[in-house]
Amino acid sequence: MNVKPLADRVLIEPAAAETKTVGGIIIPDTAKEKPLKGTIVAVGGGTKDEEMVLKVGDQVLYGKYAGTELELDGTKFLIMRQSDVVAILG
């Protein structure tokens with residue numbers, strides 16, 4: 001995979017959704033909560049007005065509806081603006 005986000009965008013690999021069972025009933029993937037954290041796997045260069053403060057490897061939190069989903073080589077990613085990331089973990 002060779003993806004380079006442009007400007008102030010970042011590529012995030014979301015954390016896996018937690019599998020929960022309720023009284024022996026397995027909840028299907030479609031009903032699972034989307035994770036709101038992930039790992040940055042690529043960053044853009046920033047813009048003249050906004051410096052890129054995120055870096056590859058950062059564990060981050062982002063908004064529930066932030067970003068655009070895409071699939072590369074069978075792996076799901078999110079691409080979003082740096083401003084959609086709400087916190088860096090760690």
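Let's start with a pair of strands: E1 (residues 9-14) and E7 (residues 75-81) run antiparallel and are joined by four bridges. Keep in mind that this is a predicted model. Within that pairing, Ile12 has Leu78 of E7 as its bridge partner.

Strand E7 also pairs with E6 (residues 68-72), again in an antiparallel way, this time through five bridges.

| Strands | Direction | Bridges |
|---|---|---|
| E1 (residues 9-14) and E7 (residues 75-81) | antiparallel | four bridges |
| E6 (residues 68-72) and E7 | antiparallel | five bridges |

E6 and E7 form a hairpin with two residues between the strands. What phi does Asp73 take in that hairpin? Asp73 has a positive phi near 55 degrees.

Now for the protein as a whole. How many helices and strands does the protein have? There are zero helices and eight strands, and reading along the sequence gives the pattern β-β-β-β-β-β-β-β.

What about contacts along the chain? Taking contacts between residues at least 6 apart in sequence, 64% join residues at least 24 apart.

Finally, a look at burial and surface. The protein has 90 residues, and 24% of them count as buried. Its accessible surface comes to about 6,200 Å², with 53% of that belonging to carbon and sulfur atoms.

Conventions: Residues are numbered from 1 along each chain as its sequence is written. This is a predicted model: local features need pLDDT of at least 70, side-chain atom pairs count only at pLDDT 80 or more; totals for chains, interfaces and linings use all residues. Side-chain values use heavy atoms; hydrogens and water are left out. Buried means under 20% relative accessible area, exposed over 50%, partly exposed in between (1.4 Å probe, protein chains only). Contact means heavy atoms within 4.5 Å. Accessible areas come from the Shrake-Rupley method with a 1.4 Å probe; for residues, only the protein chains shown count as cover. Two strands pair if DSSP finds at least two bridges between them.
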